[in-house]
Amino acid sequence: MIAARELDLRLADEIMAEPGGEHLLTCWSCGTCAATCLVRRFNPAFNPRRILHQAGLGLRQQVLSSAEIWQCSACDACYPRCPQQIHISQVMQAIRNVALREGYQAPGPCAQVEAATCSGCAVCTRACPYKAIERVTQRMDGQERAVAYVDGNLCQRCGICVAVCPSRAIRLEEFNDSELLTRIGADGWLERPGWLQGGAEAPRILALVCQWSIRSEVEWAGLQALQSDALRLVNLPCSGRVDPAMILLALNQSADGVLVVGCREGECHYQRGTYLGRGKVMLLREMMAALGLPPERVRFAELGALDRDALRPLVAQFRQCLTEVLTVALRGMP
Amino acid sequence: MTKINLAAYWASSCGGCDIAIVELGEHLLELAQVADIVFWPAATDHKYADIEAMADGFVDVTLFNGAIRTEEDAHIAHLLRRKSKLLIAFGSCAMEGCVPGLSNIQGPDHALRRAALEAPSNDNPQGVLPQGRYAMPEGDLTLPRLCKTLRTLEQVTTVDYALPGCPPNYDQVWKALQAIIAGELPAKGSLLGVDPRTVCDQCPRTRQGKLRVSAFRRPHEVIADPEQCFLEQGLVCTGPATHAGCGALCVKANMPCRGCYGPPEGVVDQGAALLNAIVASCDGQSDADIRRVVSTIVDPLGTFYRFGLANSLLQGARLGATAGDACAAQTHQEEAR
């Protein structure tokens, strides 16, 4: 039940006055957006149709204070499907702008730049899909220096900047290098000998999996049962977070192959993250081949938003391929 | 005041590192007041027998340039390690393998064939390859043999400090020498003669910050704008993944950074860091777009690992005995001899 006196009719006007918010009231509430929404598949509490409807009605407090308005990652899967052609991610941005003015903030943590290490090279500002990073001038050690600064209200925590920073100056809670390495090497996984080193029954695989390509917590929990000495599953915020140095480190230690799992084209939660992930793997494989390393040891695989329980066969297929390729390669060794 | 004993050596190198010492200019006179040069093949007439005759630890500081490519290089590296209190990997070759390290892609036999037979400037109608031993009426002539893998100094013996650069900037060499003479050295294992952060920190060019690249080009294909960030012009510049120290020399001469100062602090693999930075700069909102832009990079292996291949994680991931293991085995044999 909604009490009419709680409705604030100015809210819709305020949102529509923001750039991108113009089409708020053209929404028919058909729910096509909710049906295609990638966030919703992961978090059923998120419903763009409801947010737009509530904002149009004027439920000021309820809309502006909700955590959901910050969860839209502008993947724009809904945009081409909306019969009213509403660019919902932009409407969300307009709602956020109003919320910011009222003193609300995006729930943290966002990516953080360590200014003393940052060279202001602008690699991250180019990489960020949300243009959430700017170079700002800071006074440090008696000199003016341009360093990167992350706008926490635009940051979607995809971790792409963390991976691309050549100075390792950007941190994102849960997905820092040290934290990923701890998860990869838990229980001494990296110290135990690999199949190539003659110490395992089957090729040992490290799978770096985009957290959005496994759609539900239930499915993710089910995958934990797959974890074994022969398979180490580690989740990334996005396959764009993958760092070739980490892949190489695993190959140097004891992994026989590394599988990077991202989303299918057009289904990336973070706009272009999956393209960056597969671009990196593609280049890395090219360099491995040039150096006489079997490029098959590293693979990028995609999971579709509607795929269920697809990781298991992917891993099995990769292991099969590794066994074949590496057997041939070992035979060719002096 | 007692003088310190200073040695310098060239292993597999181009000679540029020795020039970097000569470039100290009049500082050499100051150096001569506080240091005796006990061994420096590029400039003085000492022989190997002279070092062998020295007591262990007689040399206070050795500036060792060049990579370890031949048995002779490895032998002298071990010898100088024994004779020196401080052994410094001087320049990119000794520190990380540098351009000679790229010969590890195809191996020493290919390098020999290329140098002696295939290079267009060769005049070798009989197709003679250099031999380890050759009998002459006057007696046998020998040449040191090439090792299977080119190694960095640290892959052969313990190194106390490294001074990066191809060659190291003479200002930085002088700064490092002053620190050595004054006994104000950082913790062992540190880099000498560098500045904090990366080349971009010292680069005066303007960066728009949001401009992505739709195709990469090579320096000879364009006349680069002298004010704008090279990467934003579509030229692969390794500045973002290169330790500061040179003062952005190449960039100021309108050439993109090539990466000779090695990876920034805390980064193990310069090539991987560059790969990240370059892919992230690619324009495009589809798989095909990124694929197209990435495919315009010519020779990514030689470009990203131009200086650091020999001690990279990439080379370490090679099949069978990893580079590290092979080196360890080789080193063990050398020490046993």
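## The largest cavity

By class, the residues around the largest cavity come out as 13 nonpolar, two polar and one charged. Keep in mind that this is a predicted model. The space inside that cavity is about 120 Å³, and its lining counts 16 residues. If you want to find the spot, look for C37(A), F46(A), C72(A), C75(A) and C78(A), which lie nearest the centre.

Which elements give two or more residues to this lining? They are α3 (38–42) and α6 (88–101), both of chain A. Of the elements, α6(A) gives the most, with three residues.

## Cavity count

Rolling a probe the size of a water molecule over the atoms is what shows where empty space is left.

Now for the helices. Two packed helices are described by the angle between their axes and the distance between the axes. Here, helix α12 of chain A (residues 273–290) meets helix α10 of chain B (residues 270–280): their axes come within 10 Å and cross at roughly 135°. As for handedness, the crossing is right-handed.

Who does the touching? On the α12(A) side, the contact is made by L276(A), G279(A), K280(A), L283(A), L284(A) and M287(A). From α10(B) come L275(B), N276(B), V279(B) and A280(B). Sorted by class, this contact has seven nonpolar, two polar and one charged residues.

Conventions: Residues are numbered from 1 along each chain as its sequence is written. Chains are lettered from A and ligands numbered from 1 in the order in which they are written. This is a predicted model: local features need pLDDT of at least 70, side-chain atom pairs count only at pLDDT 80 or more; totals for chains, interfaces and linings use all residues. Side-chain values use heavy atoms; hydrogens and water are left out. Axes are lines fitted to C-alpha atoms, for helices over the stretch in contact, and angles run from 0 to 180 degrees between N-to-C directions. Helices (H or I, at least four residues) and strands (E, at least two) are DSSP runs, numbered from the N terminus. A crossing is left-handed if the near helix is turned anticlockwise from the far one by less than a right angle, and right-handed if clockwise. Contact means heavy atoms within 4.5 Å. Ala, Val, Leu, Ile, Met, Phe, Trp, Tyr, Cys and Pro count as nonpolar, Asp, Glu, Lys and Arg as charged, and the others, Gly among them, as polar. On a 1 Å grid over the protein atoms alone, a cavity is a set of points where a 1.4 Å probe fits but cannot get out, and a pocket is an open set with protein on both sides within 12 Å along at least five of seven lines; lining residues have an atom within 4 Å of a point. Grid points are joined across faces, edges and corners, and a volume is the space filled by probe spheres set on the points.
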